[in-house]
There are 2 protein chains.
Amino acid sequence: MKYENIKSALEVFDDIQGRINALNHGIGVLYLDAVTVAPKGSGEGRSLTMGALSSMIYEIISNPENVRLLDYLELNKDELSESKNREVTLMKESCTKLSRIPQDEYVEYNMLLSKAQDAWEDGKNSNDFSIFAPYLEKLVEFNRKFAGYYNPKLSKYDALLNEYEEGLTMETLDKFFAQLRETIVPLIEKIKGVKQIDSSFLNKTYPIDKQRELAYYAMDLMGINRDYCVLSESEHPFTSGFNNKDVRITTHYYENDLASSLYSVIHEGGHAIYEMGCEDEYNFTPLYGGSSMSMHESQSRFYENIIGRSREFISCIYPKIKELFPQQLEGVSQEEFYRAINKAEPSLIRTEADELTYCMHVMVRYEIEKKLIGGELQVKDVPEEWNRLYKEYLGIDVPDDRSGCLQDSHWSGGSFGYFPTYALGSAYGAQMLKVMEKDLGNVFEKVAKGNLQEITAWLKEKIHRHGNLYVSTKLFKNVCGEFDAKYYTDYLKKKYSEIYGI
Amino acid sequence: MKYENIKSALEVFDDIQGRINALNHGIGVLYLDAVTVAPKGSGEGRSLTMGALSSMIYEIISNPENVRLLDYLELNKDELSESKNREVTLMKESCTKLSRIPQDEYVEYNMLLSKAQDAWEDGKNSNDFSIFAPYLEKLVEFNRKFAGYYNPKLSKYDALLNEYEEGLTMETLDKFFAQLRETIVPLIEKIKGVKQIDSSFLNKTYPIDKQRELAYYAMDLMGINRDYCVLSESEHPFTSGFNNKDVRITTHYYENDLASSLYSVIHEGGHAIYEMGCEDEYNFTPLYGGSSMSMHESQSRFYENIIGRSREFISCIYPKIKELFPQQLEGVSQEEFYRAINKAEPSLIRTEADELTYCMHVMVRYEIEKKLIGGELQVKDVPEEWNRLYKEYLGIDVPDDRSGCLQDSHWSGGSFGYFPTYALGSAYGAQMLKVMEKDLGNVFEKVAKGNLQEITAWLKEKIHRHGNLYVSTKLFKNVCGEFDAKYYTDYLKKKYSEIYGI
């Protein structure tokens with residue numbers, strides 16, 4: 001097919017993007033349904049469907065006609081808007097990647113993902129790594145292969161890292177994590193030497209219906225419009241955004257843990273605010289959503305920790321918490337609650353880890369992923385290595401795989417290279433805070449007044465509205481200048497020195 | 001493309017069916033999500049997605065290559081299995097129909113459906129027919145046009161009826177409904193002359209979490225495997241089956257109505273049992289599911305009324321109900337509960353109508369649909385006509401459109417010609433009971449023992465397992481002989497004469 005002019009070529013391009021968006025929307029809702037509602041035994045049909053829908057995306061993108069269309073648009077890039085050029089670039093990247101992945105492998109992988117999710121859940125529930133191991137083996141094998149397809153010039157794990165944060169390398173991360181270790185390990189050591197905070201009241205019995213009420217209260221406090229964002233329940237909390245008016249977050253309620261669901265909701269709420277803040281015009285295109293996983297985690301962890309675990313935020317939400325749980329929190333002052341929420345102590349579960357030790361959990365996963373993808377670690381040895389690293393980094397013994405290497409859903413979802421973005425995102429967030437304070441003055445004074453709108457408006461203006469228009473590192477640099485982990489380590493040092501008086 | 005042999009042609013055919021099944025599965029889950037979970041304001045994106053996915057189905061089916069393939073397979077029908085032949089016939093029918101519907105109309109209609117659903121909900125919630133009316137107008141207009149496309153030889157409403165029950169006509173229905181009227185109207189009159197049953201205790205306060213527990217108990221009693229079937233909540237109860245291992249039912253809990261949700265669950269559970277009883281080999285093909293809407297309603301209403309409202313079923317479930325609601329049901333005997341559940345009294349809401357007056361509700365809708373599609377009634381006059389017919393058939397005044405012509409979701413879902421299948425299905429069920437009793441002996445003795453397995457096994461053997469292998473009327477005839485509404489009218493006469501002593 002020849003294109004008469006840019007206009008007719010763009011019509012075809014938009015139609016193709018509409019189809020891909022629709023298929024991805026379908027796959028996204030099928031996934032959401034699978035982990036929140038679907039019957040336990042329904043995996044087979046969904047796996048076939050996801051395979052077929054993914055296959056259709058594959059065919060659309062890798063169609064030689066599409067390749068010609070993209071070439072034509074690229075040739076005429078000067079006549080396209082900035083956003084259209086970015087759309088073309090993004091599809092071209094997918095196209096190049098896909099053209100290197102044989103279709104049968106692509107389809108097989110997408111079907112594997114669906115089954116691996118069930119196997120991971122079964123394995124976790126029955127505390128049996130051997131149920132998940134054969135799937136993890138296949139997932140690693142596929143991802144090693146895919147890494148070569150994605151970018152044959154990079155080492156395999158670097159190629160995967162690049163999928164979540166363009167330009168990120170093991171070299172950068174090794175240095176970044178070393179910097180974090182230099183700050184965090186001495187802090188953890190010092191804390192061991194002083195009186196530990198009592199947080200036992202957080203583990204009294206907190207009825208789930210009341211926790212649900214608190215979750216909605218937190219969403220409202222964050223300014224999340226519930227006409228466009230709903231909260232569901234799943235084994236592992238996550239966010240799915242389909243467009244800026246259809247975002248889903250999930251949480252998991254534990255009756256004997258007040259903080260777990262509350263901070264999951266605030267974390268996922270941060271992702272949701274990002275997705276909902278994207279410009280309308282990017283909806284239904286690949287520009288909708290965030291610019292990278294690190295940038296996404298910078299937002300979720302900004303709301304969760306920098307805002308959500310601040311003394312000022314606690315002063316806003318604690319009256320409601322007291323109202324919902326008067327007996328459980330009898331005699332617990334706001335300051336005691338604040339300290340409990342920020343108690344720093346090596347623990348087993350990443351999602352429930354405190355802000356200080358959190359990055360150590362990430363490092364364990366980083367080391368294991370790096371070796372799995374690098375071919376230096378066998379899947380069967382993952383539990384042992386996991387437990388060894390928890391001992392080394394956090395000084396604790398892992399009693400079983402359920403609370404060890406089976407705790408996270410990332411690998412079962414095929415994500416290798418995602419974990420480091422949590423740490424990087426945390427550091428991004430601390431640097432953003434500095435810039436925000438220059439523009440807005442005292443941010444925490446606003447938080448204390450329950451005024452999160454100004455903060456969200458600033459983030460929307462600087463980050464959210466741009467969706468995926470810019471490469472993450474470029475966007476970050478535009479807003480914050482050169483990245484420097486020192487902002488984050490300074491933030492941690494200041495916060496924990498004050499809390500523990502060390 | 002030329003096909004070398006049947007085998008290669010069938011491979012292409014199966015691939016096409018797999019794609020259609022996947023797209024339909026995606027659309028089905030999007031719909032399910034829309035009415036159970038999705039944020040209120042998320043309609044726009046979903047509407048686009050449903051439009052795009054429907055459009056893909058349209059393209060696959062109406063592709064000239066597919067037409068040639070179907071011709072080739074039809075030419076070689078003697079070499080195909082019975083089920084493969086049926087699959088070819090069904091796709092050929094879709095193909096012929098679709099080839100007559102212009103693609104833009106098809107896509108526009110599918111997007112309209114998604115918006116109409118929201119408008120209907122809004123209209124119902126705010127008791128304002130004018131919100132839904134413009135959508136209903138478009139829906140009627142489309143369906144009038146489609147009727148001509150489906151079968152230009154039939155009158156428009158007959159063509160739509162044919163979509164839900166092959167061969168069904170207004171002539172048959174007019175006669176059938178007249179027969180029902182002859183039985184039901186005198187019974188209603190007689191009941192007016194005797195002391196009415198007290199059912200007020202059914203409208204005490206029944207906490208929803210306990211009702212939920214009862215719903216699961218009822219599902220278990222019915223023998224529904226919850227690994228393959230889950231219960232959700234929606235405005236209007238319905239069943240969606242994706243394959244025999246993935247069936248969803250929904251209900252709506254009302255705190256001041258015990259019977260509403262319970263009998264919705266049993267009704268939808270009947271649909272689910274049908275869907276789950278289909279042969280494995282029909283999964284992911286158009287043979288999966290039921291053979292017609294009437295046949296489907298025969299199963300749901302069989303479980304709901306013939307079984308679920310029998311004295312014997314009540315004897316099984318009432319102890320659990322008493323256990324869940326001891327205060328609300330203090331002093332209420334099993335027999336009093338049975339009579340309350342079967343209280344016959346003209347009322348406003350179809351889904352909550354008793355077994356006796358139910359068909360009068362259907363008749364109102366039938367008359368209105370017939371005239372709307374026939375072009376003899378304007379949408380703006382629907383409320384007035386609705387209220388007039390309720391007065392005429394049931395003797396009651398309709399206070400508002402919320403409990404009048406806005407109560408059902410069928411029209412907003414584009415279903416015109418569906419309602420009569422409820423009445424026809426009820427009559428099918430009564431005739432099946434007769435045949436079942438010949439084979440199994442006293443069916444209700446089994447029910448009294450909580451033994452529904454034998455009943456379900458009989459229905460599975462005779463009806464469920466065949467899925468859509470046979471045209472509904474043929475399947476019915478195979479099992480029950482010639483259809484005769486007398487079995488149903490006799491059943492009603494006997495049941496209500498006994499209950500009311502008339």
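Begin with chains A and B together: in this predicted model, chain A can be laid on chain B by a turn of 180° and a shift of 0.0 Å along the axis, with an RMSD of 0.0 Å, where copies are superposed by least squares on the C-alpha atoms of residues with pLDDT of at least 70 in both. The two copies are thus related as by a two-fold rotation axis. The same surface serves both copies, with 100% of the contact residues of chain A recurring in chain B (contact means heavy atoms within 4.5 Å).

Residues are numbered from 1 along each chain as its sequence is written, and chains are lettered from A in the order in which they are written. Local features need pLDDT of at least 70, side-chain atom pairs count only at pLDDT 80 or more, and totals for chains, interfaces and linings use all residues, while side-chain values use heavy atoms, with hydrogens and water left out.

Now move to helix α3 (residues 64-75) of chain A, helices being DSSP runs of H or I with at least four residues, numbered from the N terminus. Here E65(A) forms a salt bridge with R68(A), the closest N and O atoms being 2.9 Å apart; a salt bridge is a side-chain nitrogen of Lys or Arg within 4 Å of a carboxyl oxygen of Asp or Glu. Because E65(A) and R68(A) are three residues apart in this helix, about one helical turn separates them. Over all chains, the count comes to 84 salt bridges.

How values were computed
Helices (H or I, at least four residues) and strands (E, at least two) are DSSP runs, numbered from the N terminus.
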